[in-house]
Each structure stands twice: as C-alpha cells, then as structure tokens.
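Keep the viewer open as you read.

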Amino acid sequence: MPKLSSKIEGFTDSVIRRMTRIANSYGAINLSQGFPDFDPPVELKNALSRVASGSIHQYAVTWGAKNFRESLAKKQSRFMGIPIDPETQIVVTCGSTEAMMAAMMTVCNPGDKVVVFSPFYENYAADAILSGAEPIYVHLRPPRFNFDVDELEEAFKQRPKALILCNPSNPSGKVFTLEELKTIAYFAEKYDTFVITDEVYEHIVYPPHHHIYFASLPGMFERTISCSSLSKTYSITGWRLGYLIAPSYIVDGARKVHDFLTVGAAAPLQEAAVVALNFGDDYYENLKRIYTEKRDFFLDGLDRLGLAYTVPQGAYYVMVDISEFGAKSDLEFCEWMAREVGVAAVPGSSFFRDNVNHLIRFHFAKKKETLAEAVKRLEKLKDKARERWR
C-alpha cells in the first residue's frame, strides 16, 4: 500500500482530548479538557429552542450570516476599540480551531517559519505542520512565563512569516503586558511579520490584569489576524462558533481557505448566538466575577493540599508542579491519577517544546460542587503518589 502523508508523523492525536477519554473510562472528574459542566445563559438556550422550531436550517452565507457578523462587529469594535467592518473584515468559522488553521494557511507558504511561544496550546504545532510551516519556539519561562527579549529577536531574525500569540495564554494563564505587546509589535514591524492571535479567553482576566487586543496597538491592525470564538465566553464549546478578524486584503484570502475547509459554520447556531453577541457590559463583568470566584476557590483548595502552582492571570487553567512526587513521565502520572485518585489533568509536556515533565494542567471551569469534590479526591494524592513513585 502507498505511504500516508509524512505530515501526520509530526504530531500525535490531541493529548487533551485523550485525557477526556481516559477520565471517562475511570469515572474521574474531568479537569483536563477545558469545557464547563454548567449550562450557557438561559437566553441562549431559549434562542436555540426558537431557532430549532423555525426555518433557518440551510447554509448561511459562507463567511458568516449577515446578522451574526453585524452583531459580532459591533461587540468587538466596542471591546477592541477599533472599527470593524462586518462586510469585509470578518470570517465566521467552525470554532477558533478552524480560524487559526485558516489564518495559517492564508499567510504561510511551505517552508515559511512561524514563531510559537512555549508553552503553547497543542494545536499550534500541528497547525504549522499541516500548513507546511516550520515552528520556531521562544520560551515563556515559569513561574511568571515572561520571554527574553533577545531570544525573541533571534527568532525574528530568522524572518518568520508569522508569530502566534495566545493571550490570555493557554496553558499558563499568562496575560501579556502592554510593554510585552509593544515589544512584539516592534519586532513584527521591523521584520515585517504577521501576528496571528488566539484570544478565546479575552473576557476571562483576573484583576489587576486586563486584556489588550494586539490589533488595537498603533499600526498593528494591518498585520494582525485576530482569532477567537464564542465557546469560552458563553459556555458553548459544543456549538463550534469561531471567527477571525483582519484587514480586508487578508480576509479575502481567508474566506477562500475557509470555504474549502468547512464551507460554513452552522446556520441555526449562528442565528441563536446573535442573542449573546448583543449582551450588555454587565454580562462580561459577571463572567469575570464568576471565574474569579472559581479560581480563588480552587486555588484555596490547592493551598490546603500543599500543592505548588502558578497563579493564573487569565483563562481558566492552573499549572501545578508535581516535582515532589518523582514521576519520570507526566503522561503516566496523569493516567495514574485519573485511575487511582479520580481526577484528570493534562500532562504539561504536551504544551512544551522542551522536555518538561514536572507540570500538569488543571482547569476550573466547573460548578463549585464539582471543584469541591475534585479537591476532596486530591486529598489522597500525596500519600498515593509517594507509594507509587518513590
């Protein structure tokens, strides 16, 4: 038989989604894959019910239903502080996963280089390989996950076509400062590089930190592809509604890529989601309050258990240090923990370019009672881990 594509040899299946399957097989509390166990806003559920009984069940406009794009443009113009044209600067995609892939395929030729900060969301390496690009990794150094300016410029000196910026960051929870973003912007302009942002956690940021949209920096909109989704903001990860926002000359290309990747996002879901896009500022303030409470509740539990971690500044993940247990493989540790402790996490090695095996990632987008039960189960982690790993 002929050989399969060499591209698929460069990456594995998603470790995050694999850990969900492992969690399900052992009945573990799934703090690995980042989706809530609570419902989206009732207004969204009611809108979906109305749409389901209506007549919107065929294709929408390929790059997004008109009313969805108009509502999205109005919302994002307000938060980003820049005017967005719904007719020429938006592509609605099947989740931010497709938005990122479409962005990469729009700007990259085979052999182009792309800067990726490490740790990184696992899709980015696969995106680079599938688009024919070569990733250049720049370290975000724990515990603050800051980058070294000289290392970043060395990466830019290799003349990459693009830099991928996840802000707020998955998995680290880092929120990039204005100074850091200005540094990236300076190099992007100096070396004529696109910036592809992943901003799905744009509304989940913890005081005193705040999110700054890279495209809003002076002169950056023309070279930025801003990718995001409705998944995290409105607790609808299963709806798979994402988008990219960019100058029209980029969007013209991205629309062609999107057309032949997926044709279009689900029309009924776009129609229902318009309700959420028209929420007032109070919704986003309440979202921040809810996730701040969840973060503080879970971190308090980790403190009581004596587990070391890095306080997340944004998103809903926390990196926990398991060095004290002496496990050689964080993947083996996470599989063991799901089976023996009943809590699932993601091995940190799936996020790092380097050989990092001492960190695991929990998420806390769960009901308070779910988090309480997870902390209760983790009370036996240290004793069991010492029996197993020492």
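Is I225 buried or exposed? With a relative accessible area of 0%, I225 is buried, where buried means under 20% relative accessible area, exposed over 50% and partly exposed in between, using a 1.4 Å probe and protein chains only. Before going further, note that this is a predicted model, in which local features need pLDDT of at least 70 and side-chain atom pairs count only at pLDDT 80 or more, while totals for chains, interfaces and linings use all residues. Residues are numbered from 1 along each chain as its sequence is written, and side-chain values use heavy atoms, with hydrogens and water left out.

I225 is found in strand β7; helices (H or I, at least four residues) and strands (E, at least two) are DSSP runs, numbered from the N terminus. Not counting residues up to four places away in sequence, I225 touches A103, V107, V195, I196, T197, L244, I245, A246 and I250, a contact being heavy atoms within 4.5 Å. One of these, A246, is 21 residues away in sequence, yet the C-alpha atoms of I225 and A246 are 4.8 Å apart.

Now zoom out to the sheet. Seven strands form an open sheet in the order β2-β8-β7-β6-β5-β3-β4, with mixed pairing; two strands pair if DSSP finds at least two bridges between them. At the edges are β2 (90–93) and β4 (134–139), each pairing on one side only. On average, neighbouring strands of this sheet are turned by 20° against each other, direction ignored. Helix α8 (residues 248–262) packs on the sheet, where α8 touches β2, β6, β7 (224–229) and β8 (242–245). The direction of α8 makes about 25° with that of β2; axes are lines fitted to C-alpha atoms, for helices over the stretch in contact, and angles run from 0 to 180 degrees between N-to-C directions.

Within the sheet, β5 (residues 162–166) and β6 (residues 194–198) pair in the parallel sense over five bridges. L165 has T197 in β6 as its bridge partner.

From β5, move on to K174, which lies in the loop between β5 and α7 (178–190). K174 counts as buried because its relative accessibility is 3%. Its side chain joins that of N146 in a polar contact of 3.1 Å; such a contact is a pair of N or O atoms within 3.5 Å, and within protein one must be able to donate a hydrogen and the other to accept it, with residues adjacent in sequence counting only if both atoms are side-chain atoms.
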